[in-house]
Structures are given as structure tokens and as C-alpha cells.
Amino acid sequence: MNIVILLGAPGSGKGTIASRLAAENDNLKHVSSGDLLRGAVAKGTAAGVEAKGYMESGNLVPDALIAQMIKDVVAETTGDVTMLLDGFPRNLAQAKILEEMGAPIRSAVLVDVPDAIIQDRIAGRRTCPSCKAGYHVTGLPPKVPGVCDRCGTALTIRKDDNPETVKDRLVVYHRETEPLIAFYTEKGLLRRIDGNQGPEKNAAAFKAAM
Ligand code: AMP
């Protein structure tokens, strides 16, 4: 098992890229920290109850809480698998925790999208609550409006995808997560792709870079 980290702002398309690539290739496993947390909130676990308020306000949940969830997934992932790690690490402390987990990090790929485009992307974002496929009302519409192409479930809008919370999430991204670009550059692991080429080309560029 090895790990490819997806870096990029909320709405940069990391999840769409990772879920596309993982659907095409059994050796790729998409692990989204946001999906793990939303799952815990939906189930009402102790971690979910603790995480809920942070998530709704656009803040990061405590490092130890999300690190434990990632540790569990890393521990249960073995064999010839590349984990596409989406949303973790989100700050330098988490990057160090990930190193301590001991799984080899193959690369960290930054999906680069200007802030000005992010707000529009998130405003049109729709997600399948069941298989986690991502859509956009104009940029990547499902075949039947409001319904997931892959599994037929009704699409939903994330609670934290409102313009005010998105602004806060971008502030948090620049302050907490952007320093990881320098961190992984120093380690010779950083790759960068233009995340504004459309879903298919973004995924192809990512695959080539990782
Ligand atoms: P995402 O789906 O990656 O945009 O994450 C949604 C929300 O979950 C974030 O705004 C945070 O509140 C929380 N979250 C996800 N990943 C992390 C992480 N690695 N560290 C702390 N909070 C996280």
C-alpha cells in the first residue's frame, strides 16, 4: 500500500478526480476525510457528535479526532493498493502524524484552482450521499437532473456548501493547509496540476502526475 495525497482548496475538484479514478481502477482506493466525518455525523457516533459543530462552521475538527479515523483506514488497507487520500492532511501537524503512520507517501498532487472560481464551483455542487459521486449543475450535470448516474440515489447539497461557510473554509485553507505545499515541495513529493480543465482532463492530468 502507498499513498497519494490530494492537495487543493475546498471545491477544487479533488473528490471528483479521486472518485473517478478509483471507479476505473480496483487498485486505487479513494479515502475522503470529509466523507468519513460526514458518515460519523450521520451515524451519531461520539466522534461525529464532536465533529459536527466544527464542520458546520467551516473550521477544522481536532487533529486527533480525524487522525484516528485515517489511522484505522490505513491499518485496514493492505496489498497492491494506492490510497488517494483526499482532505487529509489539512495542516502541518496532521502531515507529521501521517508520516508517523509509516505508510509510504508516493506523491502529493496539488489541484490548482483560483479562489474566484471556487465560489461558483461550490454553489453548483451536488453530491451522491450513497456512492459519493460528485456533480455540478452546469459543469458536470447528471444525466437525469438530481439523480446519481452511478447508483440512482437522489443528489444532495452539503450543509457547509453555502457562500458564507465557503468563505470561511477558504480562509482556513490558506492559513492551515497551504503551508503543506512548501512542506511536500521540500520533500520532493509535490506535483501540481491545473484543476480548471474540466472533469475528464483534470482526472487524466492527475493520473499522469501522481
Ligand atoms: P471536506 O469534505 O474535505 O471539504 O471536509 C468538510 C469538513 O470536514 C471540513 O470543512 C472540516 O470541518 C472537516 N474536515 C475534513 N477533513 C479534515 C481534516 N483533515 N482535519 C480537520 N477537519 C477536517
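Predicted model: local features only at pLDDT ≥ 70, side-chain atom pairs only at ≥ 80, totals over all residues.
Visitor: Glad to be here! In what order do the five strands of the open sheet lie?
Guide: Strands here are DSSP runs of E with at least two residues, helices are runs of H or I with at least four, and both are numbered from the N terminus. Two strands pair if DSSP finds at least two bridges between them. The pairing in this sheet is parallel, and the order is β2-β3-β1-β4-β7.

Visitor: Which are the edge strands?
Guide: Strands of a sheet pair through backbone hydrogen bonds, either parallel or antiparallel. An edge strand here pairs on one side only, and that describes β2 (28-32) and β7 (190-194).

Visitor: Which residue of β4 stands opposite Val4?
Guide: Strand β1 (residues 2-7) is joined to β3 (residues 82-86) by five bridges, and Asn2 of that pairing stands opposite Thr82. Five bridges also join β1 to β4, again running parallel. There, the residue opposite Val4 is Ser107.

Visitor: What is the bridge partner of Val109 in β7?
Guide: β4 and β7 run parallel and are joined by five bridges. Within β7, the partner of Val109 is Arg191.

Visitor: How many of the eight residues of β4 are buried?
Guide: Buried means under 20% relative accessible area, exposed means over 50%, and partly exposed is in between (1.4 Å probe, protein chains only). Strand β4 is largely enclosed by the rest of the structure, because the number of its residues that are buried is six.

Visitor: Which residues of helix α1 are buried, and what do they pack against?
Guide: Contact here means heavy atoms within 4.5 Å. The buried residues of α1 (residues 14-24) are Lys14, Ile17, Ala18, Ser19, Leu21 and Ala22. They pack against β1, β2, β3, β4 (105-112), β7 and α9 (199-209).

Visitor: Are α1 and α9 roughly parallel or roughly perpendicular?
Guide: Axes are lines fitted to C-alpha atoms, for helices over the stretch in contact, with angles from 0 to 180 degrees between N-to-C directions. The α1 and α9 axes are 9 Å apart and meet at an angle of about 75°. Angles under 35 degrees count as roughly parallel, over 145 as roughly antiparallel, 65 to 115 as roughly perpendicular and the rest as oblique. This pair is therefore roughly perpendicular.

Visitor: Is Asn202 buried or exposed?
Guide: Asn202 lies in helix α9. Leaving aside neighbours within four places in sequence, Asn202 is in contact with Ile17, Ile193, Asp194, Gly195, Asn196 and Gln197. With a relative accessible area of 6%, Asn202 is buried.

Visitor: With which side chain does the side chain of Asn59 make a polar contact?
Guide: Asn59 sits in the loop between α3 (46-56) and α4 (63-76), and is partly exposed at 39% relative accessible area. A polar contact is a pair of N or O atoms within 3.5 Å; within protein, one must be able to donate a hydrogen and the other to accept it, and residues adjacent in sequence count only if both atoms are side-chain atoms. At 3.1 Å, the partner is Ser57.

Visitor: Which peptide bond is cis?
Guide: Most residues other than glycine have a negative phi, and most peptide bonds are trans. Pro89 lies in the loop between β3 and α5 (92-101). The cis bond, with omega near 0°, runs from Phe88 to Pro89.

Key
Residues numbered from 1 in each chain as written. Heavy atoms only, no water.
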